[in-house]
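Subject: Handing over a structure

Dear colleague,

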Amino acid sequence: MRAILQSGFGRPGAVLSLGRVERPSPGPGEVLVGVRASGIAKGVWLVSQGLPYIARPVYGILRPRHRVGGLQFSGTVHEVGPLVSGVSAGEAVFGFGHGLAEFVVVQPEAVAKKPARLSFEQAAAAPISGLAALQAVRDGARVKPGDRVLVLGASGSVGSFAVQIAKAWGAEVTGVASTRNLTTLWALGADRVVDYTREDPAGHRCRYDAIIDIAGNRPVSRLRHALAPKGSLVMVGGTGGRWTMGFERTVRGMLTGWFVRHRIVGLISKPNSADLALLAALMGSGKVIPVVRARYALNRAPAAVEAAGESTGAGTVVVAIR
């Protein structure tokens, strides 16, 4: 089968290439999915670069732990192994796995049924960013109906989901993005938009019940000034050096939370079947629709990973497998 193979760590164009490997077969408790599309989350770019360095024990110390690239996918169940229930051959699904290949073997808990209203490309954009946003809104920010929520980095992969999920939870949402992406925020249902190139989103008189910080490039002390007295700050992503990226900022922010009245949370998304099913239900109802930034063919996957690493456009980059 055709697959994108990772030979080392570095620039995607140098370490990712289209090749052929043997098609996997499902064992007991596994399913084989014929992949239709793979969403390229920022994590795929990080894995290709081997960043941050503190994550190398997960990615692989000197060489990649996993030869086939990708972290999420959508497709059709091709074959079901023994001892599998709840998943049948022919079903359209989306979920977690090394999806930059024509076929992938996963456990049934790693997939959910694809909502009929979504294309395979839309569904492939959902697992990683959608679950991160869901857990940021529900568990991190503990959003309630009527809450005022500020989303920084609102037009990106995670942010576009966070705006829609917070609206589905009944919040009043302000989205922050650059000038070129403001139209996307209005389309997502934001109640108010802020162009960070012209206005300090933390300088407005409004005090928010929750701030979901995906951009990760503003001081925690500055963001706290925009919080209501008992507000929550949820740090989902961040920028920084090659050793820790945004992790160091997140840890410092959480330590600050021990000494202030605000609740400061560093989100580490936890993939699980229950949340994947809930995300599928939200998308199936039309309350949440994935935003696809750009589509690439499989042979152009290295360029797609480069584009995902830039983080300047709205939504998620997707690779069409077939």
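What follows goes from the whole chain to single elements and residues.

Please keep in mind throughout that this is a predicted model.

The chain has 11 helices and 15 strands. Its radius of gyration is 19 Å, close to the 20 Å that the globule rule gives for 322 residues, so the chain is as compact as a globular protein of that length. Taken along the principal axes, the C-alpha atoms fill a box of roughly 60 × 40 × 35 Å. Of the 322 residues, 57% are buried, and among the contacts with a separation of 6 or more, 66% are between residues 24 or more positions apart. The accessible surface comes to about 14,000 Å², and carbon and sulfur atoms account for 54% of that area.

Ser38 lies in strand S3, which covers residues 31–40, and it counts as buried because its relative accessibility is 0%. A polar atom of the Ser38 side chain lies 2.7 Å from the backbone oxygen of Gln72. Leaving aside neighbours within four places in sequence, Ser38 is in contact with residues from several stretches of the chain, including Phe73, Gly99, Ala124 and Val318.

Thr316 is found in strand S15, residues 316–320, and at 0% relative accessibility Thr316 also counts as buried. Its side chain is joined to that of Ser157 by a polar contact of 3.2 Å. Not counting residues up to four places away in sequence, Thr316 touches, among others, Gly39, Ile40, Ala125 and Val291. Gly140, by comparison, is 176 residues from Thr316 in sequence and 22 Å from it in space, C-alpha to C-alpha.

Helix H11, residues 301–310, has 7 of its 10 residues buried, so this helix is largely enclosed by the rest of the structure. The buried residues are Ala301, Pro302, Ala304, Val305, Ala307, Ala308 and Gly309. Ser311 follows H11 and has a positive phi, near 55°.

Turning to charged side chains, a search of the whole structure finds 12 salt bridges. One of them is between Asp147 and Lys144, with 3.5 Å from N to O; here Asp147 counts as buried at 8% relative accessibility, whereas Lys144 counts as partly exposed at 48%. Another is formed by Asp209 and Arg148, whose closest N and O atoms are 3.7 Å apart. That pair links distant parts of the chain, since Asp209 is in strand S11 (residues 208–213) and Arg148 is in strand S8 (residues 148–152), 61 residues apart. Asp209 is partly exposed, with a relative accessible area of 25%, and Arg148 counts as partly exposed at 31%. A further salt bridge is the one between Arg192 and Glu199, at 3.2 Å between the closest N and O atoms.

Leu255 lies in helix H9, residues 247–256, and counts as partly exposed at 38% relative accessibility.

With best wishes

Definitions and conventions:
Residues are numbered from 1 along each chain as its sequence is written. This is a predicted model: local features need pLDDT of at least 70, side-chain atom pairs count only at pLDDT 80 or more; totals for chains, interfaces and linings use all residues. Side-chain values use heavy atoms; hydrogens and water are left out. Helices (H or I, at least four residues) and strands (E, at least two) are DSSP runs, numbered from the N terminus. Buried means under 20% relative accessible area, exposed over 50%, partly exposed in between (1.4 Å probe, protein chains only). A polar contact is a pair of N or O atoms within 3.5 Å; within protein, one must be able to donate a hydrogen and the other to accept it, and residues adjacent in sequence count only if both atoms are side-chain atoms. Contact means heavy atoms within 4.5 Å. The radius of gyration is taken over C-alpha atoms; the globule rule is 2.2 Å times the number of residues to the power 0.38. Accessible areas come from the Shrake-Rupley method with a 1.4 Å probe; for residues, only the protein chains shown count as cover. A salt bridge is a side-chain nitrogen of Lys or Arg within 4 Å of a carboxyl oxygen of Asp or Glu.
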